[in-house]
Amino acid sequence: MPKLTCIFNGRALAVHHVADGKIVIGRDADCEIQVDSLAIALHHAELLIKGENCQVSPIDPEFPIYVNGNLVEAPLDLNHEDLLLIGKHNFRFSMDGIALGVRVPDEAVELEQSKIQNNESPKKIGYLQVQNGENIGRVFPLSQTIFKLGAKGQGYAMIARRFDGYYISFLEGKHVTVNGQAVADESILLQNEDIIALGATTFQFYL
């Protein structure tokens, strides 16, 4: 789930988890995220959220907003770890955790299923452990046939549980590497203790 961390003078004041829909940031009491500051308009910025996609727009041209230091004059898509400046407050946009097991495109599923022989899968269940960031230590069991792993702004990869082991494939976004080797057109068979890097997040695979 997307979240906004409100920061003032280098100190985190609040963390707002935001669901799908429209979110208004401003000084007025009817705003979904209210900030008590005269530097912020009654209705200052609007966020439109749908799944992992988040778009920010200014409401009042007399009260500008900035993303990563750049003035926002039209609706702008946000990426993981973008920094918004609204008045004198910063808001760090991030995805709360890594998406695992979310929907994979149908064509990718069909291609992967064609590679599974005799409907068999490895008897041992593999898992991933996050090696860095706010989710360090978190474990994801790979018990299903196909997983989609990633986060907006970092890229996506697919891990398929075939009869002879777990294979990782690149889907979209930034490069995915296994032990420093880029995952390109060909899937890579994962080995115990392989290191997977996806954007800024690192995982270790265990079997």
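**Reading side chains in a predicted model**

Colleague: What joins the side chains of Arg 161 and Tyr 166?

Modeller: Bear in mind throughout that this is a predicted model. The side chains of Arg 161 and Tyr 166 are joined by a polar contact of 3.3 Å, and Arg 161 itself belongs to strand S16, which covers residues 155-162.

Colleague: How should I read a pair of aromatic rings?

Modeller: Such a pair is described by how far apart the ring centres are and by the angle of the planes. This structure holds 2 aromatic pairs. In the pair of Tyr 127 and Tyr 206 the centres are 5.3 Å apart and the planes are at 25°, so the pair counts as stacked, planes under 30 degrees apart being the cut-off. Because Tyr 127 lies in strand S13 (residues 126-130) and Tyr 206 in strand S22 (residues 201-206), the pair ties together parts that are 79 residues apart in sequence. Tyr 127 is partly exposed, at 32% relative accessible area.

Colleague: Which residues form a nonpolar patch on the surface?

Modeller: Tyr 66, Leu 71 and Leu 85 do, and together they have about 230 Å² of accessible area. Leu 85, found in strand S10 (residues 83-86), counts as partly exposed because its relative accessibility is 31%.

Definitions and conventions
Residues are numbered from 1 along each chain as its sequence is written. This is a predicted model: local features need pLDDT of at least 70, side-chain atom pairs count only at pLDDT 80 or more; totals for chains, interfaces and linings use all residues. Side-chain values use heavy atoms; hydrogens and water are left out. Patches are made of residues with over 30% relative accessible area and no salt bridge: like charges are joined within 9 Å, nonpolar side chains (Val, Leu, Ile, Met, Phe, Trp, Tyr) within 5 Å. Accessible areas come from the Shrake-Rupley method with a 1.4 Å probe; for residues, only the protein chains shown count as cover. A salt bridge is a side-chain nitrogen of Lys or Arg within 4 Å of a carboxyl oxygen of Asp or Glu. Helices (H or I, at least four residues) and strands (E, at least two) are DSSP runs, numbered from the N terminus. Buried means under 20% relative accessible area, exposed over 50%, partly exposed in between (1.4 Å probe, protein chains only). A polar contact is a pair of N or O atoms within 3.5 Å; within protein, one must be able to donate a hydrogen and the other to accept it, and residues adjacent in sequence count only if both atoms are side-chain atoms. Rings of Phe, Tyr and Trp (its six-membered ring) pair if their centres lie within 6.5 Å; planes under 30 degrees apart count as stacked, over 60 as edge-to-face and the rest as tilted.
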